[in-house]
Amino acid sequence: MKLSFAILIVTIILSCKSQTKTDLLSLKLDSDIATLVVQDKELKKDFDPNYGLASLTTNKLDGYAIGDVKLNTYDYPNGNLADYNRLSIFTSSKQKNNYLGFNYSSVNQEETKSIISYLKKNYPAYQQSDTRGNGESFFWDIPKLDAWIFIYQGISTDKNDENFFSTNFIFVKRGTRMENSTDSKVITIMDYYKMMFPDVL
């Protein structure tokens, strides 16, 4: 009897633990996420090559969510070496783990649709741009979250020369400047997007 009870308790604990998700949209901007770093041993210190922001990266995604959409570790079937889902969590510097947002790159086609649907439903004021057949592009300015959200897609090709979409979800604190700079002369992430993707914004 005691053994059966012990097995039941362990099963419940493991089940609850496996269902625990970190919702990236619910993390408070500017908060110290050191606890998350301690919990997730897969996170590696890095920096984002496009924005120069300090980041923590992983491709082990089973503990994360965007809203009510659970993220999954995923490699595109018959894809190339770089065709897998990955997450970069932006931080204020390499020394400080203050949360500035994230960049989630996904090649999971159904997951991508679910995230876009969730964002449209929960934040209905957005801009959608014509990308001339290269996927969808969206922008949100959300004062209540103090955040900008950028979504853009590109076309990738698998080993059978079949096309699929690679999607980038960028959630970042409003006003964040390139390279974690505090210098007002350094452009913001918004300025970067306007310069790099004039048809998107």
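The structure is a predicted model, in which local features need pLDDT of at least 70 and side-chain atom pairs count only at pLDDT 80 or more, while totals for chains, interfaces and linings use all residues. Residues are numbered from 1 along each chain as its sequence is written, and side-chain values use heavy atoms, with hydrogens and water left out. Helices (H or I, at least four residues) and strands (E, at least two) are DSSP runs, numbered from the N terminus.

**Helix 3**

- Helix 3 comprises the 14 residues 109-122, which at 1.5 Å a residue should span 20 Å, and the end C-alpha atoms are 20 Å apart, in agreement; the expected span is 1.5 Å times one less than the number of residues.
- Glu111, Thr112, Ile115, Ile116, Tyr118 and Leu119 are the buried residues of helix 3, where buried means under 20% relative accessible area, exposed over 50% and partly exposed in between (1.4 Å probe, protein chains only).
- Viewed down the axis of helix 3, these buried residues fall within an arc of 160°, so they line one face of the helix; the arc is that of the directions from the helix axis to the C-beta atoms.
- An α-helix has 3.6 residues a turn, so residues three or four places apart point the same way.
- The exposed residues Glu110 and Lys121 lie on the face of helix 3 turned away from its buried side.
- The buried residues of helix 3 pack against several strands, including strand 7 (99-106), strand 10 (147-157) and strand 11 (163-173).
- At the start of helix 3, the backbone nitrogen of Glu110 has a side-chain oxygen of Asn108 within 3.3 Å.

**Strand 3**

- Five of the five residues of strand 3 (residues 54-58) are buried, so the strand is largely enclosed by the rest of the structure.
- Ala54, Leu56 and Thr58 are buried on one side of strand 3, and Ser55 and Thr57 are buried on the other.
- Strand 3 pairs with strand 2 (residues 44-47) in the antiparallel sense over four bridges; two strands pair if DSSP finds at least two bridges between them.
- Strand 3 also pairs with strand 6 (residues 86-91) in the antiparallel sense over four bridges, and Thr58 stands opposite Leu87 there.

**Gln128**

- Gln128 belongs to strand 8 (residues 127-129) and counts as partly exposed because its relative accessibility is 44%.
- Beyond its neighbours within four places in sequence, Gln128 is in contact (heavy atoms within 4.5 Å) with Lys120, Glu136, Ser137 and Phe138.

Definitions and conventions. Polar contact = N/O pair within 3.5 Å; in protein donor to acceptor, adjacent residues only side chain to side chain.
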